[in-house]
Amino acid sequence: VVVAGSLIAACQSLVFLLPGLKPGTRLEITQALANAWWVLFPFTIEVYGGISVFWYGDRIKGGTGMIIGNHRSNLDFSVGALIASRAPSLGGCGRLVPLMKNVLKYAPAVGWVCYFSGAVFLRRRWQEDKSKLTATVDDMVTHYPRPFWLGLYPEGTRFDEKKRDEAQEFARKRNAESRSAISRSNSSPSTASSSDDAPAVMLPILENTLLPRKKAFVFFAQHRRLRKCMEHLHDFTIGCDGGDLLLRPFLRGTIRTKSLHIHTRQIPFDSLPKESRELEKWLYDCFIEKDRRLTYLNDNGRYPMEDKYLNGEGQQRHRCLFLCAAFSIWSMIWLLVCSTFAHWSITLGNLFLFVSVLAHSLRNALKPTPSVPQGRRERKKTN
């Protein structure tokens with residue numbers, strides 16, 4: 001995957017060196033090149049990993065929009081590629097424009113490909129990032145090929161228990177300050193005007209997500225040109241049954257994830273509030289709902305029964321075979337490179353490795369998978 005991504009990034013860099021190309025045309029080419037690489041990530045999750053993917057809520061549609069989701073692991077960019085690959089009219093995973101930490105710009109493969117595909121890299125210092133975002137959004141609305149998805153993880157960093165405890169402590173402290181300010185305002189009308197300095201929205205105490213950071217979300221939702229450009233906000237709740245999808249266990253072959261559960265809520269972008277405090281409350285309510293859904297998943301192995309399950313949107317056999325074909329093409333490209341520049345023994349070793357991976361993946365692709373997500377009680381009855 002790293003070698004393939006580096007090859008794609010090299011091709012993208014050559015496109016940037018071509019003279020006379022308009023910015024939109026250059027991005028369209030580099031994003032099309034990125035599509036050829038991003039397809040390896042759904043293959044890794046759905047086929048090679050053998051992880052069943054269950055979809056709930058609204059059916060994913062294309063069109064220009066913004067996506068938000070909870071940030072569970074260091075493989076969430078793979079889940080993002082999986083989600084984007086399901087949008088029929090988006091034009092591929094290359095049209096996903098994520099907000100990323102600035103340091104990831106230098107990460108081999110994924111950072112390079114995202115950089116040439118128009119991703120937005122931030123230093124997480126708001127005064128610096130705000131001016132950059134203003135220029136980037138203007139460029140995005142003017143030059144980016146459409147449709148595209150602007151991807152945002154409002155939590156700002158991936159979830160773990162230590163960060164969750166810190167977020168809960170921060171929320172409790174801020175809520176106590178807010179209650180104290182409200183109490184002083186009620187007891188002394190002369191100080192009522194200063195109550196605007198206190199947080200107007202109580203912060204939620206969340207168990208399965210971190211406290212979302214509001215600034216970037218509010219900035220995008222209030223940007224006039226972006227509101228005219230965006231068709232929908234796609235709200236994804238991403239949960240894993242059996243353990244989070246993490247990079248190190250995945251590389252060691254000790255992955256515990258049994259199934260991936262993705263709930264989609266599609267909201268017309270122009271229906272979002274326009275005032276900052278209303279947007280802040282909307283975002284917190286959104287994460288309260290995610291937390292409720294993830295709590296149910298942890299207890300029952302699926303999302304609540306009232307969340308509509310999308311039949312036919314799970315791990316489909318023909319889709320898995322297509323992903324196997326894409327992996328085979330990349331394998332042949334790599335074997336061609338090896339046979340040209342490396343010793344025959346290295347080529348033979350890689351051939352054996354690819355055949356083993358493909359055989360394992362085909363076995364996963366052809367095995368029967370549940371047509372509906374089974375909760376833990378149903379699995380126990382089946383066993």
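Q: Hi! Is aspartate 285 buried, partly exposed or exposed?
A: Aspartate 285 counts as partly exposed, at 38% relative accessibility. Buried means under 20% relative accessible area, exposed over 50%, and partly exposed in between (1.4 Å probe, protein chains only).

Q: Before we go on, what kind of model is this?
A: This is a predicted model, where local features need pLDDT of at least 70 and side-chain atom pairs count only at pLDDT 80 or more, while totals for chains, interfaces and linings use all residues. Residues are numbered from 1 along each chain as its sequence is written, and side-chain values use heavy atoms, with hydrogens and water left out.

Q: Thanks. Which residue forms a salt bridge with aspartate 285?
A: Lysine 281, with the closest N and O atoms 2.9 Å apart. A salt bridge here is a side-chain nitrogen of Lys or Arg within 4 Å of a carboxyl oxygen of Asp or Glu.

Q: And where do aspartate 285 and lysine 281 lie?
A: Both are in helix 11 (residues 276-300), four residues apart, or about one turn of the helix. Helices (H or I, at least four residues) and strands (E, at least two) are DSSP runs, numbered from the N terminus. An α-helix has 3.6 residues a turn, so residues three or four places apart point the same way.

Q: How many salt bridges are there in the whole structure?
A: A search finds 18. One of them joins the side chains of glutamate 28 and arginine 95 (4.0 Å, N to O). That pair links distant parts of the chain, 67 residues apart: glutamate 28 is in helix 2 (residues 23-38), and arginine 95 is in the loop between helix 4 (76-85) and strand 3 (96-101).

Q: Nice. Is arginine 95 buried or exposed?
A: Arginine 95 counts as buried, at 12% relative accessibility, whereas glutamate 28 is partly exposed at 43%.

Q: New topic: which residues touch the most other members of the largest nonpolar core?
A: Trp37, Trp38, Ile83, Trp149, Leu260 and Ile262, out of 55 residues. A nonpolar core is a set of buried Ala, Val, Leu, Ile, Met, Phe, Trp, Tyr and Cys residues joined through side-chain atoms within 4.5 Å.

Q: Which helix gives the most to this core?
A: Helix 12 (residues 317-341), with seven residues. There is also a second, separate core of 34 residues, which includes Leu150, Leu206, Met230 and Phe287.

Q: Last one: how many residues of helix 3 are buried?
A: Eight of the nine residues in helix 3 (residues 40-48), among them Phe41, Pro42 and Glu46. Glycine 50, with a positive phi near 65°, follows helix 3.
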